[in-house]
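Please read this short report with the sequence and the model open beside it. It begins with the chain as a whole and then turns to a single residue.

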Amino acid sequence: MKSKIKGFAGYQLRVSLEKMETKIEAISAEITRKFLGGAGYAAKILFDESKQGIDPLSPENMLILSTGPLSLNRIPGGGSLMICFKSPLTNIWAESRVGGNFSPDIKKAGFDHVIIEGKAPKPIYLFINDQKTEFKDATHLLGLTTSEKVKTIQNELGDENCSVLCIGPAGENLVKMSSIMVGGRAAGRAGGGAVLGSKNLIAVAVKGSLSIEVAKPDQLKAILKKSFADLKTNEMSAGFKEFGTIGDIPDNDDGGDWPTQNWRSNSWGKGADLYDYYEDNNFIKGYACYSGCPISCGRKVHVANGKYKTPEHGGAEYESISCFTAYVLNEDMDAAIHSTYLCNELGIDTISTGSVIAFAMECFEKGLLEKEDISDLDISWGNAEVLPILVKMIANRQGLGDILAEGVRSAADRIGKGSKEFAIHVKGLEGPAHDPRSGKALGVTYATGNRGMCHIHPLEAMAWDRGKLDWGLQKYGLPDPNEVDRWDEKGKGTAVKLLQDGLTLPDIIGTCKFFSYAGITTDHWAEMIASLTGWDIDGKELLQVGERVINLQRLFNIREGITAKDDILPERVKSIPEFGKYSKEERCVIHDFEGMLLEYYQARGWDPDTGVPSPEKCRELGLV
Amino acid sequence: MVKITLESIGKLSSYFGNENINIDLDDEASIMDLLSVIDDRWGAILPGFMWNSKKQKFRGPIIIAVNNEIVRDLKTRLKNNDKVQIIKAFVGG
């Protein structure tokens, strides 16, 4: 079936698991122009079609696999999939991004989005092939690791190149921080694995041979030629390729952007040594997560020998390794590599898992854990041996693992005894490995991120404040980062509004955010979309789409009970570090968080008391 | 003798003392030879997050470019009047 919208497959697949039926629907031209795709289109569907207050693990929840107009192999960063749902971890809006060929392959199979509803009567997986679908029994897949599931499915389909998305045992066990794995990469955050597990949908496989009609192919070709040439000489692109994301550990440790020991500090002083060990012993080679990526930030790593022996796999990401080293004071890189490998194989988020383990270690230090929950485990800070044990206990919901599997907010509720004081999260999502005490703008984005304390939409705040990047947004009003003091609080709330609008775009248009860091600006993205679709669209309109989507996600959250009282930062994250390089650095303290938040609300056009988007703002954005 | 200019900007230049520094190297010197000179002259003062004295190389995420072309092979030979740029990238995920 031919698409009515150039640049798009033109169709969405609606999967009704209750009836084991699929239906092909044309996508709405109006919604597509206003929300484009990815986290934007999915926000519109979830807001309009899901009921208020539903249990995220009930059949009523929806999970949407969403591509954007640029989710094509030939586009820089086009191997990018958004998975959107109401989170069982936070009970609010959730989006989780993953790289790989799955997203361009959905397009080739003839769909822009796959909307999954209901619950299958038995464990199944879905096979999508050139707009044809087939449900297949998945009973034999239960209990297998994620890589075992992928191999089994590819064997059954007779195609080892078929893209497969699946959950691990943790998703089957409804672990609230369970991930969805795609070819060794993780859509880790907010518990999408549990949502699929609750639906008895164990995996989705996709292949296709269809093509997308391009409105102005010569124009697109010229833009892409220039973009790829520019990427070859861009230092950020080279940095990602040369070092991967883990390459930032030494600098972030030194710069006070490395949360340590459950956020007691923002530096440790061991980052450089840990990185050197990894480079000498664990690193094998760089790799691309999707075909055609010129950056190739992925790292193939292993542990060759010893008690943490681990096969070659894609891993050692900055966030994952930080959460299994600095967070828990672990100095054994082999143990960290092994633990994050286990997380991916069992299907749990490395960030949330490292975070809840750090929380458990602090509980253990304070004597707050019950003997019946921990048996004779030594959960002391820095005990490397206990890390993989706890990962398995969480994935399998055993003992203390069953408490931690609910996330740090629920675990603190259950354990009590003052543990809420050091349960580090915002809106229920555990914090990632960047620290707003050394770049204050990040504090605003952590507090206001629509999925909670996430590492994607706040990341650019730190990259602007401390990293001095601007992504071409100065022409739209972003202050010159070289004239901004990272310790200042004034002006940060206003800047964050524009940073969020601009840097949420990759997750709407279907590209990898790292290409924005590597010199592809909002204006470049707009040129690509214009040539693909034939639309008259520019950077300014794209920024308004970003603003519209952030406001719609906010309205979704307000509908689910979020208020201004939830836009907070944990006290520890605002306080002077207890040890490390910055323990005497008073400028780390966040003095007037409320002032920064008020500035942000005003920049957004939200009610200063309630944080609700004003009727005028909703009208301006076409949300009424 | 090969005369090159070592260029660094912003915070990095504060460690070298100047944004542009002229350095004389032996004929047919490579980037590795330049790194050895860097270690001799600045190794003791460059901070650990950016300089690995044991390996005489920059730690991530610092990129080396020669005349605005990013260079990965440290055996790359340097020519007279080459500008060697030391650039700090941002790669955290």
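## Burial and model

Of the 624 residues in chain A, 67% are buried, where buried means under 20% relative accessible area with a 1.4 Å probe and only protein chains considered. This is a predicted model, in which local features need pLDDT of at least 70 and side-chain atom pairs count only at pLDDT 80 or more, while totals for chains, interfaces and linings use all residues. Residues are numbered from 1 along each chain as its sequence is written, chains are lettered from A and ligands numbered from 1 in the order in which they are written, and side-chain values use heavy atoms, with hydrogens and water left out.

## Overall fold

Chain A contains 27 helices and 17 strands, counted as DSSP runs numbered from the N terminus (helices are H or I with at least four residues, strands are E with at least two). Its radius of gyration is 23 Å, close to the 25 Å from the globule rule for 624 residues, so chain A is as compact as a globular protein of that length; the radius is taken over C-alpha atoms, and the rule is 2.2 Å times the number of residues to the power 0.38. Along its principal axes, the C-alpha trace of chain A spans about 65 × 55 × 50 Å.

## One residue: Asn557(A)

Asn557(A) lies in helix α24 of chain A, which covers residues 539-559, and with 1% relative accessibility it counts as buried. Leaving out residues up to four places away in sequence, Asn557(A) touches Ile92(A), Trp93(A), Asn450(A) and Ile562(A), a contact being heavy atoms within 4.5 Å.

Technical notes. Buried < 20%, exposed > 50% of the residue type's maximum accessible area, 1.4 Å probe, protein only.
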